[in-house]
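Could you walk me through this model in my viewer? I would like to know what to select at each stop and what I will find there.

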Number of protein chains: 2
Amino acid sequence: MTALPSLDEDMEQGLTELTTVDGLAGPAVRRARAWLSRAAEPGSVAFWRFVEDAGAVEAVRRLRSGRAPDDVRALVGARAGQDASLEDLLRAERCGARLVVPEDDEWPAQPLHCLTLATGEEPDDPRHHAPRTTAPVPPLALWVRGPARVDELADRSVAVVGARASTSYGEHVAGELGHQLGERGWTVVSGGAFGIDAAAHRGALAADAPTVAVLACGVDRVYPAAHGALFHRIAESGLLVSEWPPGAAPHRHRFLVRNRLIAALTRGTVVVEAAARSGAQATARRAQKLGRQVMVVPGPVTSAMSVGCHELLRDVELGAVLVADARHVVESVGRLGEDLADPPERPTGPRDGLSDVAVRVLDACPVRSGVGPERLARVAGCDVLDVLRVLPVLELADLVERTDGGWRLTPPPEPVAGAGRG
Amino acid sequence: MTALPSLDEDMEQGLTELTTVDGLAGPAVRRARAWLSRAAEPGSVAFWRFVEDAGAVEAVRRLRSGRAPDDVRALVGARAGQDASLEDLLRAERCGARLVVPEDDEWPAQPLHCLTLATGEEPDDPRHHAPRTTAPVPPLALWVRGPARVDELADRSVAVVGARASTSYGEHVAGELGHQLGERGWTVVSGGAFGIDAAAHRGALAADAPTVAVLACGVDRVYPAAHGALFHRIAESGLLVSEWPPGAAPHRHRFLVRNRLIAALTRGTVVVEAAARSGAQATARRAQKLGRQVMVVPGPVTSAMSVGCHELLRDVELGAVLVADARHVVESVGRLGEDLADPPERPTGPRDGLSDVAVRVLDACPVRSGVGPERLARVAGCDVLDVLRVLPVLELADLVERTDGGWRLTPPPEPVAGAGRG
């Protein structure tokens, strides 16, 4: 171990390294994010804000030296003095995995932007934050295993989720959906679980389409254990994705934390079978809160595994769409790509008259730390010249503002009553 | 035949007879409606308006003597010179049936009021009327066979319709629905056909609940022929209902004309199984146009007999509600009784502030000929004193007006441009 550079040395050097070279974050940033991914359990709004504000390298330095705010330090605890970041990166490398960080071009910034926006709605006081299992907070980094690019697969993807204790009907439908979506060039994202998840993954694989399993444990682990062959096949053409470092165990609460990623990474979520008051229902409601289309496959009213699906379809406020096949799914998420430029969390007024490019640039702007036009252009998928053309318009409309670090969304107005700080 | 009074003699006497005695129309009125029921095929807006304006007895006199407008006479043709009215009434009597007419207290005026309102929306020019198979026009009379009162059964009733070529799943669900609705005191109305219709009727009968089959042929005929025992059981406790006189054959187009009655007589229509672009779908859309709640039972997406159901549930404008059991159905039509006081054909503005009693009295008012407060009280299900209390309010709001014959809805304003008549 002595031959390896220490974390703290790496962090000191990292302060001066170029952010990206050839679309890849520098080694110090990656190591910092690897360390953060083990140091704190994902899903904390306060922790994510701390890292976002300080930057990954500086965040690690402060946590290691005890200079982070108390509430953030408490989330790391004794792990501040430990370091397995290089081991984790090497362990990932050995199983064909790597760490994708927000500073990489490959980062699925556009899909995850809905989480950034939702996090922006969380109050300042951490005591009032949503609990970790339901908090809408972006991941700090993603461990991915497989040959595909996560941003590319997420771009045209649909989540297919449902009961573990599925019926043969549900598995048949999930398999057909996976197959038909795969044939149409859509990526099926699911959780790699028994039942509907596995059937959907298998359907996609049968169509020779890459599929993505978002796991609640390390990408080198197989849970459930019987899915070794399935995960191996997924990792051959698609991706296994996890917020947790290699070796992490599939604790129960991690599945709930994980579910927000399945909803956020995809354009919409299809529920195939769900019992009454089930986890699949909760995932669907979460997708809706993130502005994603909820789609539901009905079933026989005599089947307990369709009761949850029918409850979702009876919920007028949820706005779920009944889908019977992949054609219906593509129809729904296709429309979404045009119609739902703005997530429901922000009022729409001033955005209405914007051009397509302007909306994309606006969606690419982060909530907190500003970024440069080059990065906006990459995330928005347009030329830098386009970005420079529309930024003044967005600034005039009071939608974005310039900071030292670059451009960001204009923060919502402060509450009228003073916050009483200081 | 010479011992029987001739139709024309009866009509002359009928002009002076009291309209109702003990809630029953006089014999001349009943004979007139019996004659009309055979003289013209149901479903004609122009014919219904002619009878409504002239009154049944006078309408028959004019038609018999050639003094009716040309377009109305053309609908009767050579039948103007024929008369089987007494034979029809006697034939009905022999099979335990009778003719219920709008002048009877038993007439289901409140449910059928939606057809009166919809007919009011039809243009003056008969050439622009909806075709007979889809025209929203009230029946001229109803031949009913069975011990129950048609107005009472219609009051708390739900239509359960669906495919003839149903699956065992659909029949099971329809039977369960019929049974559970019957147990809860709701009347199942259907069309007496093979498949879903029969299963729904049988379910209701198994719960010892009266059920109503609205037929497209005479109530003394059995179509389909295999349903002799079923119709016999329905007629023992519930009702067989038809617009057509005894002996009338089940012509294909009559089923379409009949369907509007199933929708109008009930508070809502449940579709259990329906193929793509099927008759059950058309019935559901018709119910929606009449302001009735459309409810749909989903099924396996792998079943061709549920494709039509899923199409209905995917149609956002239809506003159909997914129902999985009788509880869901009662929830929907229960709400309807409160929320849908006004059918969609009329603007709602001035009605918003009205009391529950006022809305019921308003709904009881006919479009054309005025009626007295006693009749309004009976139809609205409240005291005459209540009616007398709210009528001045409704008159002030310009919702009703007093005519020689009594109270009626204020007609909609004339078009701005002159009609150019005369």
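Here is a short tour, stop by stop.

This is a predicted model: local features need pLDDT of at least 70, side-chain atom pairs count only at pLDDT 80 or more, and totals for chains, interfaces and linings use all residues. Residues are numbered from 1 along each chain as its sequence is written, chains are lettered from A and ligands numbered from 1 in the order in which they are written, and side-chain values use heavy atoms, with hydrogens and water left out.

**Stop one: an arginine in chain A.** Select A:Arg30, in helix 2, residues 27-39 of chain A (helices are DSSP runs of H or I, at least four residues, and strands are runs of E, at least two, numbered from the N terminus). With a relative accessible area of 16%, A:Arg30 is buried (buried is under 20%, exposed over 50%, partly exposed in between, with a 1.4 Å probe and protein chains only). Now show A:Ala25: its backbone oxygen is 3.3 Å from a polar atom of the A:Arg30 side chain. Beyond four places in sequence, the contacts of A:Arg30 include A:Leu89, A:Val101 and A:Asp104 (heavy atoms within 4.5 Å).

**Stop two: the annotated span.** Select residues 134-332 of chain A, listed by UniProt in an unreviewed entry as "domain: Smf/DprA SLOG". Its end C-alpha atoms are 25 Å apart, and the span is 42% helix and 16% strand.

How many disulfides does the structure hold? Zero, over all chains (a disulfide is a pair of cysteine sulfur atoms within 2.5 Å). For B:Cys95, the nearest cysteine sulfur belongs to B:Cys217, 11 Å away. B:Cys95 is partly exposed at 22% relative accessibility, whereas B:Cys365 is buried at 0%.

Note on methods
A polar contact is a pair of N or O atoms within 3.5 Å; within protein, one must be able to donate a hydrogen and the other to accept it, and residues adjacent in sequence count only if both atoms are side-chain atoms. UniProt positions are given in the numbering used here, feature names are shortened, and annotations may be inferred rather than shown by experiment.
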